[in-house]
Amino acid sequence: DRNDDENCQWPAARGGNGVGPSRQQRHHHARSAPPHRQQRRWQQPQKKQNRHPKSRNGQQSSQPKDFQEVGFNYKKALLVLNLAGIVLLLTFVASRTETAIETELVTKTVEVHRNMNSSSASALESSGGGYMGFHDASPENIYGPNRYYKPKGAGYSYHPRGGNHPLYVLEGEIITGNNTEYFDDDYELSPYADLRLKLSDAERVAEDKEWKAKLQSIRDEYGHWDFKDDYKMNHDGKDRPVVDWAKFIEKDGEIDKSDFPQDSWQTDDVYVSNFLSESKKLVTRVLKAIYDEYGWESGSQKGGIKIPDAPTEEGKNGGKGIAYMDQTSFDGLVKRLLRAMMTNDYFFVTLGGHSAAAGHGNNFHEAYMMEFQRVMEPVFDRLGMVLVSANRAQGGMGTIQSALAGSGFYGPVDFMLWDSSMTEKDQKAQDLFWRQALLSGAGKVTSAAGGGSSGVNGRHMPVLFELGGGQANMERIRNEVGAHVGGALGGAILPKFNHTTIDFNRQKYNAACWTDRVDVKAEAQNDKFGGQASWHPGNWVHQSTARKISLVLLHAMDAALTLWERKTKYGGNPLDGKHWHFRAEEDAVREKLMTANASETGCGQLMSSLPQVCTTLMRGAAEWGPRHDPDRSSIRSLLKAAPNGYLPEVIGLEEQLYQGKDPHMPSQRVPKGEVDVATIARSLPPRSNREKRKLVSPRNSQDNHHSTIQDDRHNESRNLEGDEGKEVKIIPGEGWTIMNSPAGYCDGTLNHQCHREKSSNCLMSGHNDNRGMVFGDGLSGWLVLQLKEITEGFALARMEYWHNYNSNPRTDGWTEVNNGGKDDGRIRRRKLKKPPPPLPDTFRFDVAVNGVITSSWNKTEYTTQNCFSPSYNNAFCVLWSDEQWKAQGKKEDIELAIRIRGEAGRIGVVGLSHFYYA
């Protein structure tokens with residue numbers, strides 16, 4: 001504003017405190033302003049040609065000379081005073097230490113991404129819009145990688161509610177609300193000139209100059225997104241109508257042509273034609289970028305999909321490429337993309353796997369799922385979808401413990417990847433993984449007690465894609481139930497650099513624990529990065545895998561857009577539902593899954609103690625991570641509070657040192673002059689007027705994103721029959737606790753904020769792996785879980801009964817169950833003791849359901865007879881199985897409780913990491 005121009009102040013609304021800007025603030029304020037405002041604000045004053053004042057009409061003043069001289073002397077006096085002030089200011093600044101200057105900057109320069117996104121979330125309800133993608137704030141997109149101002153979107157994660165496509169304006173201010181003009185606020189500012197990185201002003205100016213030159217060279221060679229919609233201009237500023245998808249939840253968004261409102265974008269011939277044209281150009285240039293990156297000729301089969309049964313007239317790639325997929329499966333992927341595009345929906349791509357898939361040895365953002373998100377997010381965005389990629393692989397483990405209730409742990413999925421051949425070498429574990437993935441979209445969204453997730457996500461049946469599991473296993477599930485499947489082919493592909501020489505064998509990794517930054521003062525960070533074992537791939541191999549997955553989706557997008565264009569040329573808009581409706585086909589597949597003979601499947605052989613898990617949509621909760629929506633998929637979300645309100649608390653949880661998305665690491669940037677696929681994917685027109693990069697204060701570092709669920713779970717007790725006819729009161733105990741839970745929000749997406757503990761010596765590692773545990777012993781009392789809408793009548797848990805005696809810190813110093821009802825208020829820390837001796841003969845492990853003890857195991861039954869181990873480090877115990885429940889058609893809420901009793905005391909210890917039920 002004018003006051004800002006003339007007084008050179010940094011308004012509080014822009015992140016300042018109303019006082020004059022610092023040198024860096026002035027630089028960025030000027031840099032981001034239009035040229036005429038930059039000149040007006042910061043240019044040196046012109047020398048006056050005539051020092052005599054003139055009147056407003058340009059004539060020389062008629063005032064007496066002595067008055068003019070007085071005025072002149074007055075100005076000279078002011079000049080002297082100003083010079084004196086500057087000298088004093090420079091002396092003051094020089095006296096300050098570099099640390100003090102950086103400390104001042106810290107208070108103004110952190111968490112740009114999170115602050116701006118969070119502020120938009122709070123404004124969403126009042127404004128009717130925001131920049132959370134096409135959908136309202138959710139755990140997946142609230143800290144999104146790109147910040148776009150967009151129209152009104154979906155009200156919740158699982159069903160679409162409309163939206164238009166992003167339009168990027170060349171001029172003008174940000175326009176919020178339900179509008180069709182958007183502002184991408186950091187595309188033209190180099191991520192390597194980030195205010196948090198330790199750079200001089202000159203270095204930052206040079207970096208931005210080089211970045212803008214790079215963007216222009218990309219526009220010249222590859223083009224840019226240039227989509228426009230004149231609806232508001234032609235309709236007196238009115239917004240384009242959108243579908244109210246909330247009215248079509250029962251149809252799962254699969255509406256008829258007549259259900260689209262007049263003038264919605266799906267019905268507009270001109271809009272759709274222009275959109276398809278720009279979208280095809282976008283897909284083509286990203287394909288070209290990847291081909292150029294690897295030195296392939298345009299159209300080379302090296303980057304294609306092997307589709308053996310593809311008719312030649314369709315022009316599908318029948319040779320060896322980066323992936324395989326039969327024609328029916330490829331067409332199924334095309335239909336899923338069309339459905340997401342027609343409904344402006346989310347598209348979830350999720351990975352389950354082992355440590356190599358998790359990206360160990362590399363920064364988390366270098367793992368192939370995050371590299372895929374980085375490249376493909378802007379492509380999905382321009383095509384009207386919100387891409388959410390999640391890496392939910394876990395080091396040292398396979399997938400069984402998560403897949404057993406994958407609908408809750410992996411979350412909603414449209415494209416599901418498995419990469420666990422290193423730890424799960426036969427097809428049985430993979431069979432369990434695929435069956436639960438296919439079943440996961442059945443049913444509707446419900447909530448467990450206290451707001452916890454039931455694990456039924458109400459999404460769609462995903463395409464299944466393997467990375468090392470073998471084509472034979474995929475063909476087996478495809479032939480049995482009609483699943484749509486595919487997989488990666490060939491080994492790693494390495495980029496063909498034009499100007500850079502890299503020994504890919506010697507420079508396998510480029511991970512780093514830290515990069516120089518001014519916003520966070522960290523303890524000494526490791527020079528070496530952990531996990532760089534010989535069997536873990538480095539960043540170049542992860543990039544290769546990311547490109548393969550990207551190519552599969554790009555080829556399918558190209559086919560989808562071509563089909564859309566061809567079918568509407570004669571059939572008109574909107575696109576007929578038969579090309580994007582999929583529900584009937586999904587229901588047919590699930591029917592085959594649920595009616596299979598479970599014992600004869602590979603899954604059933606693996607889970608022989610309870611084979612019905614292979615034909616049943618399982619629900620569950622866990623403390624291990626990463627997992628989908630971690631607050632509401634935790635075991636804590638199912639627990640009933642003790643009478644005094646106690647719920648198991650996290651022991652030894654450290655504060656996070658900082659929050660917000662990390663800046664880019666300059667050491668990991670694309671080498672100068674080489675193909676930058678992610679930046680090409682985001683290519684936009686240049687802008688002459690853009691919002692200024694903001695300086696904001698840090699948020700409270702103690703906000704660790706642990707469960708914010710507020711509940712009204714009751715605390716009344718139940719009477720139940722004991723194992724010897726005794727009546728026992730079930731009252732939730734006070735001796736259970738949570739161990740090994742990390743600080744932060746660990747959901748496995750690029751938007752995570754995980755493991756930033758103050759004691760960490762590798763803060764920017766980014767990895768989400770964790771082994772949280774509900775921990776209890778013989779003094780802990782009952783652990784009561786509240787389960788909603790039970791239809792199958794069984795529950796099981798992954799339990800660890802091998803923990804050291806006396807290792808529950810919650811009961812340290814106790815001699816009675818629940819400490820005799822006393823609370824000493826002590827803060828406890830974990831203590832490791834000696835390896836456990838045998839359990840006492842009087843040890844008992846009780847399970848109660850709805851006030852009746854259904855099982856009371858002795859030490860032999862507890863450790864061997866009622867538990868089974870289908871894979872390394874996994875022991876599953878069947879806690880409850882009522883064969884009559886399903887036969888009687890029950891659908892009821894239950895309370896399931898467990899406890900240790902007898903003379904076990906603190907030596908009878910149990911850890912509960914996962915809980916499953918149906």
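Guide: Two strands pair if DSSP finds at least two bridges between them, where helices (H or I, at least four residues) and strands (E, at least two) are DSSP runs numbered from the N terminus. The model is a predicted one, in which local features need pLDDT of at least 70 and side-chain atom pairs count only at pLDDT 80 or more, while totals for chains, interfaces and linings use all residues. Residues are numbered from 1 along each chain as its sequence is written, and side-chain values use heavy atoms, with hydrogens and water left out.

Visitor: Why is β17 described as largely enclosed?

Guide: A residue is buried under 20% relative accessible area, exposed over 50% and partly exposed in between (1.4 Å probe, protein chains only). In strand β17 (residues 773-777), five of the five residues are buried, so the rest of the structure largely encloses the strand. Over the whole protein of 918 residues, 57% count as buried.

Visitor: How do you know that Thr616 is buried, and which residues is it in contact with?

Guide: The relative accessibility of Thr616 is 7%, which lies under the limit, and Thr616 therefore counts as buried. Thr616 sits in the loop between α19 (602-606) and β8 (619-622). With neighbours within four places in sequence left aside, Thr616 is in contact (heavy atoms within 4.5 Å) with Gln436, Leu439, Glu792, Phe794 and Ala918.

Visitor: Why are α9 and α12 called roughly antiparallel?

Guide: The axes of helix α9 (residues 269-294) and helix α12 (residues 368-382) come within 10 Å and cross at roughly 170°. Angles over 145 degrees count as roughly antiparallel (under 35 roughly parallel, 65 to 115 roughly perpendicular, the rest oblique), and α9 and α12 are therefore roughly antiparallel to each other. The residues that meet are Phe275, Leu282 and Val286 in α9 and Val375, Val379 and Arg382 in α12; by class, this contact has five nonpolar, no polar and one charged residues.

Visitor: What makes β1 and β4 the edge strands of their sheet?

Guide: Seven strands form an open sheet of mixed pairing, in the order β1-β2-β7-β6-β5-β3-β4. In this sheet β1 (305-306) and β4 (386-391) each pair on one side only, and these are the edge strands. Further in, strand β3 (residues 346-353) and strand β5 (residues 415-419) pair in the parallel sense over five bridges, and Gly352 stands opposite Trp418 in β5. Helix α12 packs on the sheet, where it touches β3, β4 and β5, and its direction makes about 180° with that of β4. Helix α15 (residues 427-439) lies across β3, β5 and β6 (463-466) and runs at about 165° to β5.

Visitor: Why is the pair of Phe843 and Tyr862 called tilted, and the pair of Phe845 and Tyr862 stacked?

Guide: Rings of Phe, Tyr and Trp (its six-membered ring) pair if their centres lie within 6.5 Å, and planes under 30 degrees apart count as stacked, over 60 as edge-to-face and the rest as tilted. A search of the whole structure finds 30 aromatic pairs. For Phe843 and Tyr862 the centres are 4.9 Å apart and the planes make 40°, so this pair is tilted. Phe843 lies in the loop between β19 (794-800) and β20 (844-849), Tyr862 lies in helix α21 (residues 859-865), and the two are 19 residues apart. Phe843 is buried at a relative accessible area of 0%, and Tyr862 is buried at 1%. For Phe845 and Tyr862 the values are 5.2 Å centre to centre and 25° between the planes, so this pair is stacked. Phe845 in strand β20 is 17 residues from Tyr862 and is buried, with a relative accessible area of 0%.

Note on methods
Axes fitted to C-alpha atoms, helices over the stretch in contact; angles between N-to-C directions. Nonpolar A, V, L, I, M, F, W, Y, C, P; charged D, E, K, R; others polar.
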